[in-house]
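Please open the structure in a viewer and keep the sequence panel beside it.

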Amino acid sequence: MPNQKIMNRRKFISSLFILAGGAAATYYGSKYLELTDSPDINFLDQQKELIGDLAETIIPTTDTPGAKEAMVHEYIIHMIKHERDVKIQNNFINGIKDVKEYAFSEYKLPFEKLNKEQKIATVRYFQKEGENFKGNLGKVRNKVLGKSFFLILKEYTCIGYCTSTVGVTKGLAYQAIPSKYLAITNYSPGQKSWATK
Amino acid sequence: MSDSTHIYINNKSITQFTYDAIVVGSGISGGWAAKELCEKGLKTIVLERGRQVEHVKDYPTALKQPWEFENRLELTEEDRKINPVQSQIYNESCKHFFVNDQEHPYIQEKPFSWIRGYHVGGRSITWGRQVYRLSDLDFTANLKDGHGVDWPIRYNDIAPWYDYVENFIGVSGQAEGIPHLPDGQFLPPMEMNCIEKHFAEGIKKNFDSRWVTNGRVANLTRGYKDRGPCQYRNLCNRGCPFGGYFSSNSSTLPAAYVTGNLTLRPHSIVQEVIYDINTGKAKGVRIIDELTHDTMEFYAKVIFLNASTIATASILLQSTSTSFPNGLGNSSGQIGLNLMDHHKSVGANGEHDGYEEYYYSGRRPTGIYIPRFRNLNEQTKHPDFVRGYGYQADGERSEWRDRMKEDDSFGVDFKNNLTVPGPWKMWMGAWGECLPNPNNKMWLDKSLKDKWGLPLVNISFEYGENEKAMRKDAMNSAAEMLEKTGFKNIATFDYNPNPGTTVHEMGTARMGRDAKTSVLNEHNQMHDVKNVFITDGSCMSSGGCQNPSLTYMALTARACDYAVNELKKNNL
């Protein structure tokens, strides 16, 4: 394992999950409080570039603009600050800290300075880390521990992108005022989907 | 409407305070009462407890683009904390048309979400606009199975009034000749897309007595009475600057206003209906000004209560006198009882492999409708429950909100998949009838007061065995219908929603034939107090499974006609 601290956090989370409900839950109960603590919200404001780079790795620039041009980081930070679930806030903030540590221990560089492949490899590490267990097990896990860092990042990146000016008007198809409804139209492969329902 | 409709009376002379008619509430039924009474020549004051909302001018979000919303229409912690009830229904684009839960508390002895819009137009701005007629299957239901009391009217009594209101509001829909879902006065329907057509044909082929029709919706498929047509933005609940759908603000209140007979007074919280022991009639209402907390009285020959189901019952329960110590017109003791909603958020969805070469353009503000098919007759009798449910359904291609959850990947390929349409999906959700049940009820808790000194409402509501059995059937039948029509990856759901979240409250001042067991007669007139009429959801003897607003509107127009005739005959 490249980084002891990351490993410990992950180990703690998986053991909590496995043992939840058992006698050991009492021991982990105090650790669980870490997840429900008041999060360090202001930390996020200093991470704009890092969050922008993470979002861009999720939705990169192609023939259409990517997440960075869509200013998705601003939206992610805004939403984490106003998030409904304190566990999501903590999972996200801890995730950002883990990304920093991981990049440094793997590449001896801050995440922002990594090349494209290294960024992808780093995000892939966290994707695996937070792999959503399928089915009921996954649901229970999400309920007890909150969504994984990767899932939070990915969902807010998608929402932020697909509702942004460039995402709506360039990444997707949009008609502000359609004026008419055509129930059946032809579709050709590659044609963008509608941005709004 | 212009600012001249805000009146703030300083002159204390009685004549200034006297009108021919008082209408309490300006929502979907109050707007109709105002229009009908004004058009029939009655000087009418509409008392609305909330602020003014002027058509077009007061729709601040109507033309906003998705990126202009700070939270991009997602809920936040503040929503959950401040508005735990209303935020189940609203989003960022229409939250200004819902009350603030902190300012308008109530008690839930057993959970019931009381969704409210306190402003001119009420919930007619944010309503779902689905309009379906009731039939004699509904009007005879109580008589046949013994739940609740018999409706004092039948379909023939209300049919011409359905025609009348549909001709004014504008309803798009397809005539089908279905006996228990009578056709109406329709503008052209909003068409089905290819997967919905596929589904409709499959249902016809595979099932007897099951129909699929275009959603009947109060959106205009062509320009109509200086309104619309619908621009297919599907942003109705923000208020429509094109007048593309029916609301009090866009339709009935302007019609009332042009008669010159309308006075609209916002910020007027009705504290009680004043009973005159000498005449045996109501002589007027006392209000509290929402902003100044001053009280004021208005007098009229006839009073229409259209404050909405729970609020109307509250006003009656607050209106105590020596003649009516338990609330105005409450000699039956029925006021507040038999609260109903429709139960929903149960059904199934599935995917289809075909039709990849088709899509659609424009945002249709409705879906398709599968009318009730259970307990229509002996052949369709279900062993586990009485009454039934209809489905609202919708076919569409998977778009980014679904696509983002379809796999765990990220990067270029993920983005390419995210931004193109995926497979076709059908979603079917049931809207089911709740039986009238005296244990589902609201009452006043006099020990707790709101900021205007009025007692808080307490609500106790629970789904019974009949509703639970119906939900199970609705879930399984949806899956069966999708399976038989060629869908795959079928998933059933029951989100077990809070009662009240369908926002179809009904039944707290029911109509009936007997003054001992009901509050209103066949003309929506109080049995006990003949010049008080109630035509909002509280009048409903049973709920059917159809969206109810159309019925409130038809009953309102009908009751106004009766009331004005009675006035002319000096009977009120």
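Which strand do two bridges join to β3(B), and do the two run parallel or antiparallel? The partner is strand β19 (residues 455-460) of chain B, and the pair runs parallel. Helices (H or I, at least four residues) and strands (E, at least two) are DSSP runs, numbered from the N terminus, and two strands pair if DSSP finds at least two bridges between them.

Before the next selection, please note that this is a predicted model, in which local features need pLDDT of at least 70 and side-chain atom pairs count only at pLDDT 80 or more, while totals for chains, interfaces and linings use all residues. Residues are numbered from 1 along each chain as its sequence is written, chains are lettered from A and ligands numbered from 1 in the order in which they are written, and side-chain values use heavy atoms, with hydrogens and water left out.

**Stop 1: a sheet in chain B**

Select β3, β19 and β18 of chain B. They form an open sheet of three strands in the order β3-β19-β18, with mixed pairing. The edges are β3 (107-108) and β18 (441-449), each of which has a single partner strand, so one side of each is left without a neighbour in the sheet. Next, select B:Gln108, whose bridge partner in β19(B) is B:Ile459.

**Stop 2: the interface of the two chains**

Colour the chains separately. Here 52 residues of chain B are in contact with 58 residues of chain A, contact meaning heavy atoms within 4.5 Å. The area buried between the two chains is about 5,100 Å², and carbon and sulfur atoms give 58% of it. Buried area is the accessible area (1.4 Å probe) that two parts lose on being put together, summed over both.

Now select B:Trp400, B:Phe410 and B:Lys415. These residues supply 16% of the area that chain B buries against chain A, more than any other three residues.

Turn next to the charged pairs. Side chains of opposite charge can pair when their charged atoms come close. The rule for a salt bridge asks for a side-chain nitrogen of Lys or Arg within 4 Å of a carboxyl oxygen of Asp or Glu. The structure holds 39 salt bridges over all chains, and two are found across the interface of chain B and chain A. To view one of them, select B:Asp407 and A:Lys154, whose side chains meet at 3.9 Å, N to O. A:Lys154 belongs to helix α8 (residues 149-162) of chain A, whereas B:Asp407 is in the loop between α9 and α10 of chain B.

Across this interface there are also 29 residue pairs in polar contact (both at pLDDT 80 or more). A polar contact is a pair of N or O atoms within 3.5 Å; within protein, one must be able to donate a hydrogen and the other to accept it, and residues adjacent in sequence count only if both atoms are side-chain atoms. Among the elements of chain B that each supply at least two residues to the side touching chain A are α6 (194-206), β16 (389-397) and α10 (412-418).

Select A:Thr185 to find B:Tyr359 of β14(B) standing opposite.

**Stop 3: two domains of chain B**

Colour chain B by domain. Domain 1 covers 1-62 + 88-94 + 116-173 + 247-339 + 506-572, and domain 2 covers 178-215 + 342-433 + 463-498; such bounds come from an automatic or database domain assignment. Their C-alpha centres lie 34 Å apart. The contact takes 29 residues from domain 1 and 30 residues from domain 2.

Between them the domains bury about 2,300 Å², 51% of it on carbon and sulfur atoms. In domain 1, select B:Leu137, B:Gly173 and B:Cys545, which lose the most area to domain 2, together 26% of what that side buries.

The count between these domains is one salt bridge. Select B:Arg387 and B:Asp145, which form a salt bridge with their closest N and O atoms 2.8 Å apart.

**Stop 4: two loops of chain B**

Select B:Gly228 and B:Pro229: the peptide bond from the former to the latter is cis, with omega near 5°. B:Pro229 is found in the loop between β6 (213-214) and α7 (248-258).

Finally, select B:His267, in the loop between β7 (262-265) and β8 (268-276). B:His267 has a positive phi of about 60° although it is not a glycine.
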